[in-house]
Amino acid sequence: MMPLTFAPVGKPSVIRRITGKDEVRQHLAELGFVVGEEVTVVSSMGGNLILNIKGSRIALDASMAQRIML
């Protein structure tokens, strides 16, 4: 497994695990980041990511992206 921050741009990956406190995991789940869901990195700038998940584009900072394991 690797954190989402290391995912290649443009290649779909499947979420395997989400780490962190319960409230952080709940917040990510509300945004659509759940185990088994496919996520694609659209762009990466300074560690911050723009992601495509469930047909939506979402921006995450590097600290939040580190909690999502692929």
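**Thr40 and the fold around it**

Thr40 counts as buried because its relative accessibility is 17%, where buried means under 20% relative accessible area, exposed over 50% and partly exposed in between, with a 1.4 Å probe and protein chains only. This is a predicted model, in which local features need pLDDT of at least 70 and side-chain atom pairs count only at pLDDT 80 or more, while totals for chains, interfaces and linings use all residues. Residues are numbered from 1 along each chain as its sequence is written, and side-chain values use heavy atoms, with hydrogens and water left out.

**Setting of Thr40**
- Thr40 belongs to strand β3, which covers residues 38–45; strands (E, at least two residues) and helices (H or I, at least four) are DSSP runs numbered from the N terminus.
- Beyond its neighbours within four places in sequence, Thr40 is in contact with Gly10, Lys11, Pro12, Ile50, Leu51 and Asn52, contact meaning heavy atoms within 4.5 Å.

**Overall fold**
- The protein has 6 strands and 2 helices, arranged along the sequence as β-β-α-β-β-β-α-β.
- The protein is as compact as a globular protein of 70 residues, because its radius of gyration of 11 Å is close to the 11 Å from the globule rule, with the radius taken over C-alpha atoms and the rule being 2.2 Å times the number of residues to the power 0.38.
- Among contacts between residues at least 6 apart in sequence, 51% join residues at least 24 apart.

**Burial**
- Of the 70 residues in the protein, 33% are buried.
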